[in-house]
Amino acid sequence: MSDCILEMKNITKVFPGVKALNDVNFKVERGEIHCLVGENGAGKSTLMKVLSGVYRHGTYTGDIIFENQIQRFQSIADSEDKGIVIIYQELALVPELSIYENIFFGHEIMNGMTIDWNETISQATKMLEKVGLKIDPSTKVKDLGVGNQQLVEIAKALSKNVKVLILDEPTAALNEDDSENLLRIIKELKTHGVTCIMISHKLKEIIAIADTITVLRDGATICSLDAEKKAITEAEIIKNMVGREIDNIYPKRENKKFGDVCLEIKDWTVEDPVKGRDILHNVNINVRKGEIVGLQGLMGAGRTELALSIFGNSKKYKLKSGEVLLNGEKKSFKNPKAAIKAGIAYVTEDRKGNGLVLIRDIKYNISISNLDKLTNGLVINENEEITIANEFKNSINIKAPSIMQKVGNLSGGNQQKVQLAKWMFVKPQVLILDEPTRGIDVGAKFEIYSLMNKLVEQGMSIIMISSELPEVLGMSDRLYVMSEGTITGELLAEDANEEKVMAMAVKS
Amino acid sequence: METKQVKKSSEKNIGSEFLHLLKANVRDYMMYIALVIIMIFFTWKTNGSFITARNLSNLINQSGYVAVLAIGMTLILILKHIDLSVGYVAGFSGAVAAIILTQLKVNVWFTILLVLIVGLLIGLYQGILVTRVGVPAFVTTLAGMFIFRGLLSLTLQKTGTIIIPDATFNALSNGFIPDIPGLDMGIHVLTVVIGVIAVALVIFSQLKARRNRLKYNFKVLSMPMFLVSLVFVTAIIMTIIVVLAKYSGIPWTAIIVAIVLLIYNFMLNKTKLGRYIYGIGGNDQAAELSGVDVKAVTLFAFCSMSALAALAGVLYTSRLQSATPAAGLGFELDAIASSYIGGTAVSGGIGKVTNTIIGVLVIMSLTNGMNLMGVDVSYQYIVKGIIFIVAVAFDVRTRKKGR
């Protein structure tokens, strides 16, 4: 029986400052459905990127043995040649092209110098049959629903003679019917001899479909559970996913004092105008003065969308119902500028993408949100600006030769401190921190936590969005858990533990 | 004893400090070096007629409209947009000016004010398309190119080229500032006075900035190096001033460009608006989330661009002393090339209007010099195009290394 198609042996992958994978072993039998689970940042995606050649041979240590041969993939094209195809969460289809054009995009069927369209269409039809899609192959992909687009991706993989199909959270964007259909197709592919590796957060479907379940945690393999021999329970998986020691890196706050409710969100339902589906349903949360409220949830749960839709990014989100109450007063913000004026600040999870102006210096980035305070008449008071930037640099310990240093040259932790300094200078009533410690080393983390404590002691309210369980448990006074755009639970810090939170986070 | 040694070592280091500076600012210095080389080359090729006072005055008068356009274009390019319509907006505005002035007999200054308002409205129209409707600037202003070219020929359809008899209007791009009456010293005294004041202001502001930086313990040039750079700048300003003073003095065009330059330089470096422009160019999403009204700032940039294009149209019309249907052809190319040669980053977020002026001088020296040499216009385009692409390629490479 033991017919191993793929083995990844002692894989270690290091990014600057972080060991993303630490001596990972991963073994897949031929023809099985193998599920890979773990928290965000556990290393699932990294492992799959190593396998598919996104991180080429030489940038990691360890061996990939595929069909009894050590492989040295230099690119995705190399791994696809061998029959390993990965389908990402963000689909890689061209919306304006037809299904058949998409299926053979990049490996067109040629007839001499030209594309053989007749053969292409007939082949595409066959592939569509295999995935159970009864649609005219000349339909444009943009006219398909997300579920059917997913099936086209699988058809595309089949056209490449796939042996191992990797699916990265294939059902994350699908509704229940589409998900079920997809899982049925995956099972059917198994009977055609296709091996399948699936990354997923949804434990229910994992249990329904998996032959083997491998759990990763903090870049290491925790266990491989054989689901064929005996049924695996959700609790068993959760126990393996969490179980991390909460280190003593969360500074305690003495004599907590909570005031009145500062910010309250009621019945918040938001639609993504591009995809045309709801991304948040009836969300109700509130935060009191002097309180740190955690907002936990896995990737794609809608936490960032919640923050940004409150913060006035009306371009990207369509509000269907709901209201924002700030100190009991009804508010609505047409853009971030208005939200900031009212006293709400949002520290983005994507420092480099939309948080900082990397080509400018520390001073510039600290003052940008509060230039009004530095301006007398027309002119910015640069002396005062320098003084304030220097004060922040010293008080929160931004490590840089001077405040004239370009922010792009700073480490992640110091960039994060610059972001915090920017908002501390604004002095908002409510500070929304989105993954405040992502990609930051432990020392800087501690400093940021201490800073958060200091800010709430001064009466600020903090909403901390985080997918790191220990952090949410260690820092929050109260926490909400989100899954698929809804609040699935609210817990007081003293009642919460990892199992409870994780169970809520994977609830669907 | 010890202090002496320190002094000695610091003297020794001037050379290495200079090299270090050269390395760190190679992009900026290249621009000056290129300008000097171009000037020397044309002086040599034209047996000195390039560098005469007469020709330099000419060069300034010819450059005025391009300088004004390039300053506005720098803002647009920092914001990662582009404005292709500026040429014909300038041409059209010039024609409007001519009509208001000659047919409606309106006072010169009021005419200029009206034309600037026309420019502002054009900017409002294009800016709203870009920011509110969401049409890319490239497309909006390409359409603008069609529209204003059409409006230009429509405006001049009945009259053909309009000759402008107004001396005041024509002086804007042909005349010189008057001298202080009653003095006859064989040299233009007011020009020299202005030159001395300018040098004094430069030295004063540099000293102030240096003292300020020292106060906060920031890096500054060593004293000897600082003095060398001051002497260098002073020498350049005074050379130009003396050459001009021996001829007819400072052209009005130079005064107008200087005022526009000062305003925009002040705006970009000292005000919130300037900060926001650089912020949006550097990372528009971060700027938005930091509370910058990206749309309003972009709208402002387009309004300012078209208003400056209208001013450029006035300068060009004044230069030719007439409004012609051919005005505006290719202005946008010179303006965009000048700004990029002056170091505006193709990826946005970086650029200085002061450096843009150097870019204008590079482009216009090429035009002027090649005209003096009698080089065919076809070759002129090719040469300018090559210099342009070399400058940008160099810029992209040096910036990559810097990151």
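Biologist: How many aromatic pairs does a search of the whole structure find over all chains?

Modeller: The model is a predicted one, and searching the whole of it gives 13 aromatic pairs over all chains. One of them is formed by A:Phe311 and A:Tyr346.

Biologist: What makes the pair of A:Phe311 and A:Tyr346 tilted?

Modeller: The ring centres of A:Phe311 and A:Tyr346 are 5.8 Å apart, which lies within the 6.5 Å required of a pair. Their planes stand at 45 degrees, and since planes under 30 degrees apart count as stacked and those over 60 as edge-to-face, the rest being tilted, the pair is called tilted. It also links distant parts of the chain, with A:Phe311 in the loop between helix H9 (303–310) and strand S16 (318–326) of chain A and A:Tyr346 in strand S18 (residues 344–347) of chain A, 35 residues apart.

Biologist: How do you know whether A:Phe311 and A:Tyr346 are buried or exposed?

Modeller: Buried means under 20% relative accessible area; A:Phe311 has 0% and is therefore buried, and A:Tyr346, with 2%, is buried as well.

Biologist: Why is the pair of B:Phe42 and B:Phe50 called tilted?

Modeller: The centres of these rings are 5.7 Å apart and their planes are at 35 degrees, so the pair is tilted, the limit for stacked being under 30 degrees.

Biologist: Turning to the helices, why are H4(A) and H5(A) called oblique to each other?

Modeller: The axes of helix H4 (residues 117–130) and helix H5 (residues 146–159), both of chain A, come within 9 Å and cross at roughly 120 degrees. Roughly perpendicular covers 65 to 115 degrees and roughly antiparallel begins over 145, so H4(A) and H5(A) are oblique. Their crossing is right-handed.

Biologist: Which residues meet where H4(A) and H5(A) are in contact?

Modeller: A:Met127, A:Leu128 and A:Lys130 in H4(A) meet A:Ala155, A:Leu158 and A:Ser159 in H5(A). By class, this contact has 4 nonpolar, 1 polar and 1 charged residues.

Biologist: What makes B:Ile237 partly exposed?

Modeller: B:Ile237, which lies in helix H9 (residues 223–246) of chain B, has a relative accessible area of 21%. Buried would require a value under 20% and exposed one over 50%, so B:Ile237 is partly exposed. Leaving aside its neighbours within four places in sequence, B:Ile237 is in contact with B:Gly195, B:Val199 and B:Val202.

Terms used
Residues numbered from 1 in each chain as written. Chains lettered and ligands numbered in written order. Predicted model: local features only at pLDDT ≥ 70, side-chain atom pairs only at ≥ 80, totals over all residues. Heavy atoms only, no water. Axes fitted to C-alpha atoms, helices over the stretch in contact; angles between N-to-C directions. Helix = DSSP H or I, 4+ residues; strand = E, 2+ residues; numbered from the N terminus. Parallel < 35°, antiparallel > 145°, perpendicular 65-115°, else oblique. Left-handed = near helix turned anticlockwise from the far one by under 90°. Contact = heavy atoms within 4.5 Å. Nonpolar A, V, L, I, M, F, W, Y, C, P; charged D, E, K, R; others polar. Phe/Tyr/Trp six-rings, centres within 6.5 Å; stacked < 30°, edge-to-face > 60°. Buried < 20%, exposed > 50% of the residue type's maximum accessible area, 1.4 Å probe, protein only.
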